[in-house]
Amino acid sequence: MFTPPLLDLTRAQEFALDAQQLRELMVTFEQSLADEMVNIQAGLSTGDVLKVEYALHALKGFMPLFTTEGLAQAMSDLYQTSREQPQDVIKSIFTPLVPSLNQLLVEVRAWLAL
């Protein structure tokens with residue numbers, strides 16, 4: 001089954017001054033994406049709502065530079081929800097996004113391996 005790419009560097013390329021800076025941004029994004037996904041899942045499993053909110057805030061800032069508009073908007077919406085709704089609502093929205101976030105992480109790592 002084909003899934004369209006989630007990595008979209010259009011805005012990152014506009015932001016970066018050159019190829020080296022783009023690579024540095026991608027390295028930072030890869031680390032943040034991997035770390036914050038772990039933090040969100042840990043926060044959801046332990047009931048640490050602030051941990052979840054902080055991790056979502058970090059991702060919300062990065063996502064528009066590196067992914068499709070749909071996924072970036074979903075993460076922005078989820079961050080807003082994390083500030084207003086109980087944890088079970090946050091978890092019910094985050095869980096279906098995990099496969100897309102994992103796919104994005106694979107795509108970022110593949111790009112970095114080039």
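Me: Which residues is Glu107 in contact with, leaving aside its neighbours within four places in sequence?
Reply: Glu107 is in contact (heavy atoms within 4.5 Å) with Pro4, Pro5, Leu6 and Leu7. This is a predicted model, where local features need pLDDT of at least 70 and side-chain atom pairs count only at pLDDT 80 or more, while totals for chains, interfaces and linings use all residues. Residues are numbered from 1 along each chain as its sequence is written, and side-chain values use heavy atoms, with hydrogens and water left out.

Me: Is Glu107 buried or exposed?
Reply: Glu107 is buried (under 20% relative accessible area, with a 1.4 Å probe and protein chains only), yet has no salt bridge, meaning a side-chain nitrogen of Lys or Arg within 4 Å of a carboxyl oxygen of Asp or Glu.

Me: Which helix does Glu107 lie in?
Reply: Glu107 lies in α5, residues 87-113; helices are DSSP runs (H or I, at least four residues), numbered from the N terminus.

Me: Where does α5 bend?
Reply: The bend, about 40 degrees, is at Leu97, and Pro99 follows within four residues; the angle is taken between axes fitted to the seven residues ending there and the seven starting there.

Me: And what covers the buried residues of α5?
Reply: The cover includes α2 (19-46), α3 and α4 (69-84), and among the buried residues of α5 are Phe94, Leu97 and Leu101.

Note on methods:
Helices (H or I, at least four residues) and strands (E, at least two) are DSSP runs, numbered from the N terminus. Buried means under 20% relative accessible area, exposed over 50%, partly exposed in between (1.4 Å probe, protein chains only). Lys and Arg count as positive and Asp and Glu as negative; His and the chain ends are not counted.
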